[in-house]
Amino acid sequence: MSEGGDGFPWTVVVLTCQHKDSVYSFQRELELRQQRGSLSAGALVLTVQDRQEPLGSGGATLNALLVAAEHLSSRAGHTVVTADVLDEAHVLILHSGRDFPWSSCSRAFCWVPAPEEPNCRVQAPVCCVDLLLDRLSTNICPGSPPGVWVCSTDMILNIPPDFTLSWNGFSGVRVLALPGDASYAADHGVYLSDPQGQVRDIIYRGTREQIQQAVMHDGKVPLVSGPVFFSRSISEKLLQAHVTPPLDGCTYLGLDSGAPPLQVSLFLDLLKCLCSDLTQDQFVTEDRAGCSSPVGPEGASVRRSRAELWRLLRGETCTLAYVPGGCYDYLTLSGKHHVQRLCCDWMNRNTLSHIQRESAVRDGGRVINGVLEGDIAVATGAVVQHCHLQGPLEVPSGCLLSGLPLMTSQCLRQLQLADDIIIQGHRIEVGGLKLSVYTVTGAQDVLEASSEDSGASFLNHGWSLFFSRTGIQSEELWVRGERRSLLAARLFPVLHPRGGAVGVEEGVGWLLGGGGCLQRWREAWRLSLKEVMLLTCQEAELQWREELLFLAGRRRVSDGLRSRTDICLLPCFRAAVLGGQQGKLLETLDSIAAGSTKQGAESGKELGLAARCLSCIADVLVCMAGGRGGLRSGPAANEAWSSAYSLLEKGDLKAGVEALATQRNHWLSRPDLLVRAARHYEGAGQVLLRKAVMSLQTIISNGQGEVPPLGGWSDTPPIAFEHGGSVTNVAVKVDGQRPIGARARRLREPRLLLVSHIGGRDSGVSTETVCNVLDDLKDYSQPHAPGALLKAVCVCSGLVSLSSQHALGEQLMRRWGGGVELHSWSVLPTGSGLGTSSILAGALLAAVYRCTGQTYDTNSLIHRVLYLEQILTTGGGWQDQVGGLVGGVKVARSRASLPLQVEVERLKPPDDFLVALERRLLLVYTGKTRLARNLLQDVVRSWYSRLPSMVQNVQQLVANSEECVRACSEGSLSGLGGCLDRSWQQKKLMAPGCEPASVRIMMEALRPLVLGQSLAGAGGGGFIYLLTREPRQRGAVMQVLSETQGLGDFSVHLVELDMDGIKVLPTPS
């Protein structure tokens, strides 16, 4: 199925139904589909009950068209029904048809095991009506002019994907026909057409000779198979029926006016009068199978109605649209055919279900909207739908279990089912009393066959065997004069005068040979399957299905989160919110997030899971806001949430999650509050993510820049420890110098002097921050606070402790004998994309460690910088410090586990490759800057949601990094260039909007000169790194950019490979 139904702009969609209680239930189903996007948002959706007396498909069409026109007229401000509202209208009329024994909610809402769309917005069942809407909107209706489409929902149409219809200058009526075998057509209808495609006749249950006349060029016959289109002019004529006696008897206005009911067929009356082979006398007077008779008590009314149809419609053309290669599957009353249909034509064995032991469902077995607990074996060719069951239980081949609640499991275990048995639970309503009734039939039974027929059966065996086994008399099943079919047999006990409602054991169980007795069966009030269908409460049936759907959904969410799969959960969240089930979903997510460990014992793994759960809760809250309430990103420091944050910071995960949930309850009343609550949940998730990354605390100056990082973003928590990361990069000097550095020295005074130099160490421009008390350091976690990075280094390095009871000066004197003066500088601009902040953090930490006499190595610095960026709350990954602190060309990897550990492998490319690489690498400063933090939140959010595009792109990022390793090891410049280009495309997918227009222009202008290029860092600005085709191309690059319009202040810089890594230089005297 295609995603989204806005492909065809329906003006009105009308669904007709037989029963009054179906109107409200089916209306809600249509509205849900509109909210999911499978029906166009602007369409008016209506559900219309047919008149109590059988109207036929034609009468139902006329009534539905009247209701649609009446609503459109009212919407347009008219006080009477006018055909003018049909001028630009695209009307769709769907007929739900008669009751269906194998699905309590009609054929229209019969679930099928269609595969879930990988990019669907809302998780939802696929029913016959959904398949039909998809076929109509994508294959059949596009391009059609204003008019009325009419179709039944009692079949499944398969249309070749390349099938199209031409609508140029079309007027009249068009019928769609799918191919079928002549033998099948004997019990069906076929179109007989001339070479130009005009319909000559419609043959229903015709003779072999009549059917053979309709054979097409492919040897098939065109079946009467559903969709019919009436153009605007003919739609107006059909609308006249409501004021044309006796045709007005088909409409609700006729009913309210006292007009006698009238049965009219869509195909054998409305369309038949357009067939070119028929004369008026034949159309009006002939007796046709499947239609009201023109003779007998109602004959005069039938003849007058046909004469009026001839007057209204005759002269219009009816043309055939044949669909070669298509397939038509009518949902018959055959249980065996339906079970086979569900098992054979689909790939999914698990459709929106939760199965505790998936391996117990064999290939060819199907579980549709079910919850199966324990050991439940579903054989090949067996179907379990809309059931909540508990094993151990075996469902043999050919069986169908439907609508069974958990309490039926024990009885089913005792039955030892045979093949081809159908057991169903039904929810009925009798005089306001709601009851459950259970029925059992054989899949091979013919429901409408008379019990006297030689092939008639019950439970797949002849009736005589059943009568002799049970002692039941035929007179107990049927009343005198009634057709003695299985469909009408009152077999199924519902209420017992002394025992109340009858369960599975006394009813179905006894009929199958289990416990119970004939006397209690006789005493019970019993129903036939036909009566059960008539009394079915559609609202209760749909509610049961929904309860199962959302229960299974919550359990799948729990499984997906706990097993750390990459399944996208957003469609499930949206479905729960649309279904009003957000409360139970939030409780489930709370429970998973709270974990099971005691206070203070949380592992990094559990914190990582909890962080994702909190992000999921934020997703649910945003879904509840319904697209209103403001931007998803925003501040998350409201005082009301501080106590919950404090508990999380202290390590009391369970209490923290509970406090969040308690506070959440005060923020559910308005969309803006929901969005703000979502921001605070993301903030809480960042607290846990930070603590999860900080679980790596088992480890414990000048720095160069780093270029090019291939695999970037895969190093970012939580991606780095949930998926695993790989980044390949090289350390460089820019224009012959190391652009980043730090210096530390001791002070006699017990204070911290923090100096940030802007534009380089000797630029003369600096920002100085003096910390005399601990409060001066408390804003270290606010990235934009003065000296925030240097303050974070002081905290992270252990220079001072903010949680100590001792004052700052006392701490400094006790531990270090005085204060520390700390300087940092970088000649690279902010937001350069070359990893400035991370490399600078590494240099600062190295300087502090050296100054205070602490030992360290490069590996400890890499992890310590990652830790520092978490307490600084800038997030970020490990690629930048690896690139700048470790010299040369290397690949760094992290495994999908916590604690997060980075392993660095220095590569040994051929020497001539390194020389050629250095001569071809250039850096172009774009003049644009953007902080990675602006992109980080969106990327982490998308990853936590496991958007399929995000998961696939992360996989490709890692693969591209490993491909870069191969290119460098093999000395392939062209291979490296391809990796650069792919890296940039992948970055753009990770963070849409990270490519400014000027950067795009710049890259396009440079493309002829380069083997590959990419924007450094997260994107949005900073430096572009180029790998040119020819060596020493700085001048050529300058010339091309100078001649390109629309660029800002750019600059081109030479690159020199730095093979040494971080260096500690002696203090100048």
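Analyst: A charge is said to sit over a ring if NZ of Lys or CZ of Arg is within 6 Å of the ring centre and within 35 degrees of the ring normal. Here, Arg174 lies over the face of Trp167, 4.5 Å from the ring centre. Arg864 is likewise placed over the face of Tyr867, at 4.5 Å from the ring centre.

User: On what basis are such values given?

Analyst: The model is predicted, and local features need pLDDT of at least 70, side-chain atom pairs count only at pLDDT 80 or more, and totals for chains, interfaces and linings use all residues. Residues are numbered from 1 along each chain as its sequence is written, and side-chain values use heavy atoms, with hydrogens and water left out.

User: What is the mean pLDDT of the chain?

Analyst: pLDDT is the predictor's confidence in each residue, from 0 to 100. The chain has a mean of 90, and 95% of its residues reach 70 or more. Over residues 597-601 the pLDDT is below 50, and this stretch has five contacts in the model beyond near neighbours in sequence; a contact means heavy atoms within 4.5 Å.

User: How many aromatic pairs does a search of the whole structure find?

Analyst: Rings of Phe, Tyr and Trp (its six-membered ring) pair if their centres lie within 6.5 Å; planes under 30 degrees apart count as stacked, over 60 as edge-to-face and the rest as tilted. The search finds 19 such pairs. Trp167 and Phe170 form an edge-to-face pair, because their ring planes meet at 85°, with the centres 5.3 Å apart. Phe283 and Trp310 form a tilted pair, 5.8 Å centre to centre and with 35° between the planes. Phe283 belongs to helix α9 (residues 280-285) and Trp310 to helix α10 (residues 299-313), so this pair ties together parts that are 27 residues apart in sequence. Helices (H or I, at least four residues) and strands (E, at least two) are DSSP runs, numbered from the N terminus. One aromatic cluster is formed by Phe458, Trp463, Phe466, Phe467 and Trp478.

User: How is the span of helix α17 read?

Analyst: The expected span of a helix is 1.5 Å times one less than its number of residues. For the 25 residues of α17 (residues 538-562) this gives 36 Å, which agrees with the 36 Å between its end C-alpha atoms. Since 18 of its 25 residues are buried, α17 is largely enclosed by the rest of the structure. Arg564, which follows α17, has a positive phi near 55°.

User: What is the strand order in the open sheet of three strands?

Analyst: Two strands pair if DSSP finds at least two bridges between them. The order is β13-β15-β18, with parallel pairing. The edge strands, β13 (354-355) and β18 (388-390), each pair on one side only. Two parallel bridges join β13 to β15 (residues 371-373), and His354 has Val371 in β15 as its bridge partner.

User: Where is Ala177 placed?

Analyst: Ala177 is in strand β6 (residues 173-180) and is buried, at 0% relative accessibility. Not counting residues up to four places away in sequence, Ala177 touches several residues, including Tyr191, Pro222 and Leu320.

Terms used. Buried means under 20% relative accessible area, exposed over 50%, partly exposed in between (1.4 Å probe, protein chains only).
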